[in-house]
Amino acid sequence: MKSKNQIIGKIVFLTIIITFSSCGIKPIISEKPYIKLPSYQVDLKNLGNGRIMIYNGDYYCPVAVCGTSTKVNVEMDNQALGQINYGEYFIVDLGAGSKNFHLEHVEVFKIKSDHKIIIDENTKVLKLEPTDFSHKLTITNELPTSLQTFKQLTN
């Protein structure tokens, strides 16, 4: 029979392995150019007609996982849009029409989800939110309340 210390040692070892294997997902590089706007020009007037802001944030993010399990790889119609973390956004011209988004992030395991979004001339802002077992991708058409603290991604 195994000693108590051996069992505790194996549990600690497995915990360490799971913790370090869940620290993130390999980033993908965007195949579409991001639109860089000065921070004072990032507003709803400069969005729409296919120009979309995609952001990851404005939800509760525990300190223990914020920045590790909140990194999400974003693809649209099999085209990479890059990786976005909590507190980041990018602006990209996606054009109008029905778009298929594929999202991936790592909790302990790789989490994948697919979302169909219809983009028209009035679509301006998409909010992305990783969850424990999936993702939320929502058309909000509202800027994040704490936008001034967000980082604009460029490529």
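1. The count comes to 3 aromatic pairs, where rings of Phe, Tyr and Trp (its six-membered ring) pair if their centres lie within 6.5 Å, and planes under 30 degrees apart count as stacked, over 60 as edge-to-face and the rest as tilted. This is a predicted model, in which local features need pLDDT of at least 70 and side-chain atom pairs pLDDT 80 or more, while totals for chains, interfaces and linings use all residues. Residues are numbered from 1 along each chain as its sequence is written, and side-chain values use heavy atoms, leaving out hydrogens and water.

2. Tyr55 and Phe150 make an edge-to-face pair, at 5.9 Å centre to centre and 75° between the planes. Tyr55 belongs to strand E1 and Phe150 to the loop between strands E8 and E9, 95 residues apart (strands are DSSP runs of E, at least two residues, numbered from the N terminus). Both Tyr55 and Phe150 are buried (under 20% relative accessible area, with exposed over 50% and partly exposed in between; 1.4 Å probe, protein chains only).

3. The rings of Tyr59 and Tyr86 are also edge-to-face, because their planes stand at 80° with centres 5.0 Å apart. Tyr59 counts as buried at 12% relative accessibility, whereas Tyr86, at 30%, is partly exposed.

How values were computed:
Helices (H or I, at least four residues) and strands (E, at least two) are DSSP runs, numbered from the N terminus.
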